[in-house]
Amino acid sequence: MPFVEKTPDTTSNPLTQFINNLGASQGRNTINAEDCLAQASEVSGLYIHIPFCFHKCHYCDFYSIVGDENQQTKFVERLVSEFAAVAPYITQPIETIFIGGGTPTLIEQNLLSKMLGAIATHFTLAQDYEWTIEANPETLTPDVSTRLAEGGINRVSIGAQSFDIDCLKTLERWHTPGSVAKSMQHVRNAGIENVNLDLIFGIPNQTMEVFRNDIKQTVDLSPEHISAYALTYEPNTPLYVREQRGDLQKIDEDLESRMFQETMTILEAHGYEQYEISNYAKPNRSCKHNLMYWNNKSWWPCGPAAAGHISGRRWRNVPKLSQYLTGFGLPSIEDVETLSENGQAGEALMLGLRLRDGIQSDRVDQLLQVKGGQWRRKVIEEHIQQGNLDFASSLRLTSKGLMVADSIIGDLLMDETSMVDTTMQDPNAKK
Ligand code: SF4
């Protein structure tokens, strides 16, 4: 069957989607991946994108391909050649790896083991590394779970999204509510102790009662980590089209806010710390890979459409599998953006404020002193006066500010045009 290939943007994890979209509308230039490798000694994390899925979920604008299993062997060979090309330049031990997609656990088992083995062979892992793979509940059989554990995976992120059959149907998810508990059991039996469950709230027709049951069932399974994001209607998705046609209705904004509040209240009562706006963890189980993103550290991307970041430069690998497969070693890259000092300060504030601990005050002072960025001090003072921000030993969102975080962060990014360093545009881009 011919495969359906869709120009990305991103991956199935909303956090990765958010990170990948950073700077997407800003200035771009064209350089080679080799130029990025020059700074690879900064890298302490890897993001690996596996684009295959069984079925396209209706809310999904992530880069995924349906119905082309025949490409998997070639894809894994191609990916391994990319590992071999990149690894010699990464001099620090890798602290976090995140294999996202798509549905990485959909890959045929021998290929899955081959890929994991190649990662472990080519890269040096830190002693306390965190290695996560995303999974659809239906793919986590006992055999697959064992392969993951044997390959070195020590954290699995399962896309539960909801435990209500009607909500799953609305989202066009293809798993059943019961498969989540089974998949968790298989993962735990294989010896993987660290599990995340992804939840979505604000699904059309979802009532507060239905959502409370989703959280209850999630908490009953006692995952170490829970990500709970509001449903978004990304343009060009079937969900968006259905909403525009009037076939379904967004839920009331007030109800969505109450669901967010309910999530915080219930999860806190069950011992989960909200360490980031949408992420909750049991003690010492915060996701290190997420924290690397929020702390604006440097990571290397592998696979089609994967986005990377090193010290203020962002880029993504070629987005389509067909383009990706036509090479060997390093892939072509695009959407390269080098942020100015002011741009880096804006991003650091945007990312750091999502963390409940906020940003240390001395770091905030540094960020507010950068050339062209002093205006943010006034914005911050206004939000402190409005009760949205608190600024003592750190700058952080208050409970009130949490509810309007996007708008506060937007205010701190107002002068986006001066955030890209146009003096660093690559001259080759003009050819
Ligand atoms: S499983 Fe669904 S949400 Fe995840 S990448 Fe595939 S189509 Fe998108």
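This is a predicted model: local features need pLDDT of at least 70, side-chain atom pairs count only at pLDDT 80 or more; totals for chains, interfaces and linings use all residues.
Taken over the chain, the mean pLDDT is 89, and 89% of the residues reach 70 or more.

## The chain as a whole

The chain has 431 residues, and 44% of them count as buried. Its secondary structure comes to 17 helices and 17 strands. As for who touches whom, take the contacts between residues at least 6 apart in sequence: 76% of those join residues at least 24 apart.

## Strand E1, enclosed

Strand E1 covers residues 45–50, and six of its six residues are buried, so the strand is largely enclosed by the rest of the structure. In a regular strand, side chains alternate between the two faces of the sheet. Here Gly45, Tyr47 and His49 point one way, while Leu46, Ile48 and Ile50 point the other way. Both sets are buried.

What does E1 pair with? One partner is strand E4 (residues 94–101), which runs parallel to E1 and is joined to it by six bridges. Another is strand E11 (residues 299–302), also paired in the parallel sense, over four bridges. Ile48 is a handy residue to look at if you have the structure open: its bridge partner in E4 is Ile99, and in E11 it stands opposite Cys302.

## Helix H8, two-sided

Helix H8 runs over residues 208–220, which makes 13 residues. From first C-alpha to last it reaches 18 Å, close to the 18 Å expected at 1.5 Å a residue.

Which residues of H8 are buried? They are Phe211, Asp214, Ile215 and Thr218. Looking down the helix axis, these buried residues fall within an arc of 90°, so they line one face of H8. On the other side, Glu209, Lys216 and Asp220 are exposed.

The buried residues of H8 pack against three strands and a helix: E6 (155–161), E7 (194–201), E8 (225–230) and helix H10 (253–269). Just after H8 ends, Ser222 takes a positive phi of about 55°.

Key:
Residues are numbered from 1 along each chain as its sequence is written. The expected span of a helix is 1.5 Å times one less than its number of residues. A residue is buried if 20 or more other C-beta atoms lie within 10 Å of its own, exposed if 12 or fewer, and partly exposed in between; C-beta atoms are placed from the backbone. The arc is that of the directions from the helix axis to the C-beta atoms. Two residues are in contact if their C-beta atoms, placed from the backbone, lie within 7 Å. pLDDT is the predictor's confidence in each residue, from 0 to 100. Two strands pair if DSSP finds at least two bridges between them.
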